[in-house]
Amino acid sequence: MNTPTYSRIRVAQDRGVATVTINNPPVNVLDVALMSDIQRFLTAVHDDPRTRVILFQSADPDFFIAHVDMQLIDEPHAFDDVAQAVPGGLNPFQALGEMIRAQPQLTIVKLEGLARGGGAEFVAAADMAFAAIGRAGLAQCEALMGIIPGGGATQYLAHRMTRGRALEVVLGADLVDALTAERYGWVNRALPADELDTFVRRIAHNIASLPDGVIGAAKKALPPQDLREGFQREHEAWAGLFARPAAEALIRGGLRAGAQTKAGEKNLETLLRDLSSSLGLHSA
C-alpha cells in the first residue's frame, strides 16, 4: 500500500498510536492544504487495524490551530474541491469535525498552545483533549469578526457545557484558559505543562494496547450525538452574517492589523476589539 505524503502534517506510528504533528507556519492556520492533509490522513488510516489511537499535536508549542485562514475572504472558491466530497447538509468546516467524530480510532488532542475558531472546533470534535496549564487557550473568536462559529462549535459546545456557558464562549469571545476549559467541559483535563506529554502518551498507549474490539465497542456504546439539524441552523446563521459588510471589514482589517502573525495572534481578541471600535462597529 502506498503511503500518502503530506505537506502540512507529519505522521509517526508507534505501537498502535499514530501521532499527527501539525506544521503549517507561522501559526498553523486551517487552510485548504492543512484541511486536505488531515482529511487524506484520516481516510488512509480509517480501516487500518494497526492504528488504534490518533494523537494530534502541534510542531509549534504556542499554536495548535490558530483558526480558519482569514485570507479566504479573497479566495471564495478555495474550498470548492474539498466541498465536492462533503456529505449533504454540511459545509467543509463542519464536515472536517464530523470526519474526526466518525473516525473508528480514538482521537486525542494534546493542546499545548492556542486554538481559536476552527482550531477550537477541531479540539471539541476529538474524542478526548488534554490541555497545558498556563500555556493552552481556547476561543471561539468569530463574533469579533462579525460572524458566529460555522464549523460545528455551536453544536459541539452545547453538548459539552451548559447553554449559558456556550453562549459565553460564543458571544464573550474571550480566550479561555486550560483550567476554565476543564471546568466547562471543553477539555477532559488541564495538566501542568511539564506533565502533559507524558500523561497523554501514557493514556494513548494504554488505550492502544487494549484487546481487539474494545475501542470500537466503547465508541459504539457511546456514540456522538446526531447534530445534522443543528449544523444546518449554524451554517445558515454563519453564512448570513458572513455576507454582511461588517464581517468583510473586520476580517480584512484584522489581517492588516497583524492577524495570522505570531505577534498578532498572541492577543488576537484585543486586536479585533480595537479594530471594531476604530471602525465604529460597536453597538450603541
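1. Phe-122 sits in helix H4, residues 118-125. Helices (H or I, at least four residues) and strands (E, at least two) are DSSP runs, numbered from the N terminus. Residues are numbered from 1 along each chain as its sequence is written. This is a predicted model: local features need pLDDT of at least 70, side-chain atom pairs count only at pLDDT 80 or more, and totals for chains, interfaces and linings use all residues; side-chain values use heavy atoms, with hydrogens and water left out.

2. Is Phe-122 buried or exposed? Phe-122 is buried, because its relative accessible area is 3%. Buried means under 20% relative accessible area, exposed over 50%, partly exposed in between (1.4 Å probe, protein chains only).

3. Which residues does Phe-122 touch, leaving out those up to four places away in sequence? They are Ile-38, Phe-56, Phe-64, Ile-65, Leu-96, Ile-100 and Val-109. Contact means heavy atoms within 4.5 Å. The C-alpha atoms of Phe-122 and His-67 are separated by 9.6 Å, and these two residues are 55 residues apart along the chain.

4. Now helix H3. H3 covers residues 92-102 and is mostly covered, with nine of its eleven residues buried. Among the buried ones are Leu-96 and Ile-100. Phe-122 touches both Leu-96 and Ile-100.

5. Look at the start of H3. There, a side-chain oxygen of Asn-91 comes to within 2.9 Å of the backbone nitrogen of Phe-93. Phe-93 is itself buried.

6. Thr-19 lies in strand S2, residues 17-22. Thr-19 is buried, with a relative accessible area of 9%. Its side chain makes a polar contact with the side chain of Arg-201, at 3.3 Å. A polar contact is a pair of N or O atoms within 3.5 Å; within protein, one must be able to donate a hydrogen and the other to accept it, and residues adjacent in sequence count only if both atoms are side-chain atoms. Not counting residues up to four places away in sequence, Thr-19 touches Arg-10, Val-11, Ala-12, Leu-55, Gln-57 and Arg-201.

7. Finally, the whole chain. The protein chain has 13 helices and ten strands. Its radius of gyration is 18 Å, close to the 19 Å that the globule rule gives for 284 residues, so the chain is as compact as a globular protein of that length. The radius is taken over C-alpha atoms, and the rule is 2.2 Å times the number of residues to the power 0.38. Buried residues make up 51% of the 284.
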